[in-house]
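Have a look at the chain below before reading on.

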Amino acid sequence: KSLSVDPAAANAKNLLAAAARAVTDSINQLITLCTQQAPGQKECDNALRELEAVGKMLDNPSEPVSDLSYFDCIESVMENSKILGESMAGISQNCKTGDVSAFGDSVGSASKALCGLTEAAGQASYLVGVSDPNSQAGHQGLVDPIQFAKANQAIQMACQNLVDPQSSPSQVLSAATIVAKHTSALCNACRLASSKTTNPVAKRHFVQSAKEVANTTANLVKTIKALDGDFSEDNRSRCRVATGPLIEAVENLTAFASNPEFASVPAQISSEGSAAQEPILQSARSMLDSSTHLLKTARSLAINPKDPPTWSVLAGHSRTVSDSIKSLITAIRDKAPGQRECDSSIDNINRSIRDIEQASLDVVSQNLTSRDDISLEALQEQLTSSVQEIGHLIDPVSTAARGEASQLGHKVTQLAGYFEPLVKASVGVASKLKDHQQQMTFLDQTKTLAESALQMLYAAKEGGGNPKASHTHDAIAEAAQLMKEAVDDIMVTLNEAASEVGMVGGMVESIAEAMAKLDEGTPPEPAGSFVEYQTNMVKHSKAIAVTAQEMMTKSVTGPDELGALASQVTVEYGQLAVQGRLAAHTAEPEEIGFQIKNRVQDLGHGCIFLVQKAGALQICPSDGFSKRELIECARTVTEKVSLVLSALQTSNKGAQACITAASAVSGIIADLDTTIMFASAGTLNAENDESFADHRENILKTAKALVEDTKMLVSGAASGHERLAHAAQSSAKTITQLTDVVKMGAAGIGSDDPETQVVLINAVKDVAKALAELISATKCAAGKAADDPSMYLLKSAAKVMVTNVTSLLKTVKAVEDEATRGTRALEATIECIKQELALFQSRDAPHKTTTPEEFIRMTKGITMATAKAVAAGNSGRQEDIIQSANLSRKAVSDMLTTCKQAAFHPEVSEEVKNRALMYGAECTSGYIDLLEQVLLVLQKPTTEQKQQLAACSKRVAGAVTELIQTAEAMKDGGSEWVDPEDPTVIAETELLGAAASIEAAAKKLEQLKPRAKPKLADETLNFEDQILEAAKSIAAATSALVKSASAAQRELVAQGKVGSIPANAVDDGQWSQGLISAARMVAAATSSLCEAANASVQGHASEEKLISSAKQVAASTAQLLVACKVKADQDSEAMRRLQMAGNAVKKASDNLVRAAQKAAFNKADEDNVVVETKFVGGIARIIAAQEEMLKKERELEEARKKLIKIRQQQNKFLPTELREDTN
């Protein structure tokens, strides 16, 4: 019945044959029991019926008969032929002796042996057929529809018996047992099917169907139990109702399982395969025919053992059986799968090796003809593709040679098939190359690969797919390893050649492999949560988008940089794919994971096209078509990145909103750092004469709104994604508004009080940092249980957030109160340092590492900050306290950051790392105690309290000493550098030399007189006088400035702040070099100014050059002042003189710039009038003027670039404090 429904169903014919044999066995037993015959007759009849039943196996062996491998079939034939020989001898012997019982046993043994031989022959012929390269092996279906149909029929019949009013209690129990048995089998089949299928829809459907069957069965069993206890009409009615859902669920499941998608696929044996089967089948049929005749003859001899002609016939049949078994064994051995294909493949590869050798001879004799019908790029791609395919086949061939005989022929044929295109491509590449060595390298490596493949085929042929031929397995493994090494060698050469001509095949392969991994089975057990993978995916996706945008720009401005950018895209995509696979596995529901995986794969295709276009553009940078294609690919990649991000957002809107908000807050913190720099420099001024009071209420209101957002964030972690997303977006918006109003408020304080401005901006920066930590904690805690550790971290972050907002509110209220704002700044600094210390003591490793030298430099800042703190505590002045608080915050933060970065350097030992972390924490704790003591002194300024400051500062100093020693231990053996020249002396000499240069320039200016001009130029004469006076003033002022700097430097040496102390030698050397550079710059700028003034007076230079020279004097003066202030005592006489001299230079420079700008403006007006009166109407002159304008614009751009390069070169030799912003 099943076969008639689906004649093509795999294994259906075998099932029918097995059922027929079972019927034959039953008939034999029935005849044995019911009949009484002559001795030996029924045994022979039974054997004949069995042989007739198994003979059908040989009619069309297109399906597997058993699970035996080919070599198992050979062993089975050998074993059964031995048994058959013994049985045939027993038949003959027992006929002669008349032992009927032994005769029957011999006939039964012979029958079983013949059945075994036939099965082995049928299986062997099937394996020979499907092993032919033109045949296709069948495969088992996902489910067995016959099993589902039988179960459905049995369950329906059992349910009918259950609801039949005439059924007895025993029939009810029997029906219940049948239902339970078949529903259990169906559920197990569904479980197996769901684990095998890769289709997520089918997987889910099988699981859901199994649940429905199980649930409806459980409900039915409850009603059956009630019916068993009381066979009432109500119970029987309930039972009838309960059978309905079960029958419906089973029918739905059976219908779904009958889907052709899940059906078995029968083997398709080619005509060549059928021809290869024939010798085996012919031998097996001959064996069965002669065995049938032998049994019939034996049956006659059992009745009449004295008939000589019959004995002669029996002997003839025995010889025929023996001969047919021998031919069967020979045929099976000769037709072993893969042998013929191995021989053919060996011939093909030998031919390829001869072609390579001929090409090598042509290269040596320089007769190799270049292929003009194809490009080098296409040949390299063909060669790469062939090598990769060969590499992918090494393991399958090795596996088939060791234990999968039916696959051996297919795999070796595939392997050999790639060598012809491999050799053609290799010879073609060699013909395109100009370098003789490169030509020979390609051909030699190709030949090595072919020879290793030849060795592999010989080993595979000997192994033959026989798992028991273990003596061949080592040779197969060795040949496979040699092939892999040959593939690796040629791939390395190909990648090197590809990089030389701008190709990116290796990158494309890397992206393709990353995409393939997304489709692999179950990933390793995820170590993190979906939110972590989502965060990493957002980071890598955005990096890909940024790089794609940069590639669009570089395609026009710098195509040679595209290779590095394409490499960045490859690396980022590889990491994105790893995270995407884990995210897809952990995403809920499964559809979201499927969507994430698909979109990451789509992005991979876009990245491949982008990388390929980048390679093409590198080969031909002037190709406009390639540029347009690359720009289009980059846009496509950007769009696909947005699709990936939207899929992530769909899966977890709350976490995605947290990631976006965290990114926004990170940008705000960086912006606040920049604002603090402007405030420290005294350049943060309000617009429109606004005061702090105009913004105070707005700051307080926005801060309170942020507190509400904080509450929403914390509660959102335990709520749904929508609420969390809204809270994250709201908090990011509010912190943006808060920083804006605080910055305006700080500007309203005025640049004359920069320290208070810094205090206020630091307060809002602390709030922003706390919000960033809170958002991160919220993201990790979202959806977790209340007792999860991440919830405790969330609560801790929320407390810090509230503390910092409260601190901001207190700071805002104290800003206008001069009596308390210093105290408030100190309190805020103490709280900030405590939070920094908590972050320092966490186990998280820093994102980057730093050098011990940088660590020492930052650690020394603690010493200065400690001295300032002690001085502020002793003075009690609010201004000193504010300055000390700001300095302390920066010094301790810098020290902790560099301490951790230096300690985690890979070259630092564990012991030194632990020492650094311990003393960093000890130094910070001591500093907190110091600041708290300063706070106590402010509240109770007694002598005893002030004396405690010294003790606290000593503790900090001790920890700083230990830190410096630890930092020195981080360097090679703790060695120090010694500068043979004293930098202090060099600084003194250079400063005096600079002063002498400026004085000489000033004397030159004294000798200059304004040039004579016609009377109509009275105003210009006045301007030249202004130039001379201003230039003289600048020269005099800079001379005084450098002398003041020299005096300040000598004062520092006298005070011992600058010297050759070993611990400070490096730092002082850097400072002295900065002072020297600044002095030289002042001297050079003043000299340039004098030259410009001289040329301007004589009419050889423009006012613009004069303005530029004056501005350079002012800038270099500011750098000299900064260099002196680094170590100077701000209240000393020398520093006061220095400051006054600097102001004089700045004033003189400003006067000169104003005068020159005024003259230039007037000159421009005059030029305009000339243009308007003289050039109107002359089109040729207009064109000439436009040409001149474009020329000047180009010169301006070139000059600007030149200036930037000069400044960049200068900055290399300056300390960080003195470097200009080249932007």
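## A walk through the model

Ala969 sits in helix α32; helices here are DSSP runs of H or I with at least four residues, strands are runs of E with at least two, and both are numbered from the N terminus. This is a predicted model, where local features need pLDDT of at least 70, side-chain atom pairs count only at pLDDT 80 or more, and totals for chains, interfaces and linings use all residues. Residues are numbered from 1 along each chain as its sequence is written, and side-chain values use heavy atoms, with hydrogens and water left out.

Back to Ala969: with a relative accessibility of 35%, this residue is partly exposed. The cut-offs are under 20% relative accessible area for buried, over 50% for exposed, and partly exposed in between, using a 1.4 Å probe and protein chains only.

How do α29 and α32 run relative to each other? The axes of α29 (residues 852-875) and α32 (residues 943-970) cross at roughly 175 degrees and come within 9 Å, so the pair is roughly antiparallel. For the record, axes are lines fitted to C-alpha atoms, for helices over the stretch in contact, with angles from 0 to 180 degrees between N-to-C directions. Angles under 35 degrees count as roughly parallel, over 145 as roughly antiparallel, 65 to 115 as roughly perpendicular, and the rest as oblique. In this contact (heavy atoms within 4.5 Å), the α29 side includes Phe855, Ile862 and Val870, and the α32 side includes Leu949, Val956 and Leu963. By class, 12 nonpolar, six polar and three charged residues take part.

Now for the core. The largest nonpolar core holds 54 residues, and Ile735, Leu738 and Leu771 have the most contacts inside it. Such a core is a set of buried Ala, Val, Leu, Ile, Met, Phe, Trp, Tyr and Cys residues joined through side-chain atoms within 4.5 Å. At least two of its residues come from each of α23 (653-680), α24 (693-716), α25 (721-749), α26 and α27 (789-814), with α26 giving the most, at 14 residues. Setting aside neighbours within four places in sequence, Leu771 touches Val665, Leu706, Leu713, Ser731, Ile735 and Met801.

Gln757 belongs to α26 (residues 754-781). Beyond four places in sequence, the contacts of Gln757 include Ala679, Leu684 and Ile749. Over in α30 (residues 878-903) we find Arg889, which is in contact with Asn762, Asp766, Ala828, Thr829 and Cys832, again leaving aside neighbours within four places. Gln366 is in the loop between α12 (339-364) and α13 (376-403), and has a positive phi of about 60 degrees despite not being a glycine.

| Residue | Relative accessible area | Class |
|---|---|---|
| Gln757 | 0% | buried |
| Arg889 | 8% | buried |
| Gln366 | 72% | exposed |

Finally, the whole chain. It has 38 helices and zero strands, and 45% of its 1223 residues are buried. Among contacts with a separation of 6 or more, 81% link residues 24 or more positions apart. The accessible surface is about 60,500 Å², with 53% belonging to carbon and sulfur atoms.

Definitions and conventions:
Nonpolar A, V, L, I, M, F, W, Y, C, P; charged D, E, K, R; others polar. Areas by Shrake-Rupley, 256 points an atom, 1.4 Å probe, with all protein chains shown as cover.
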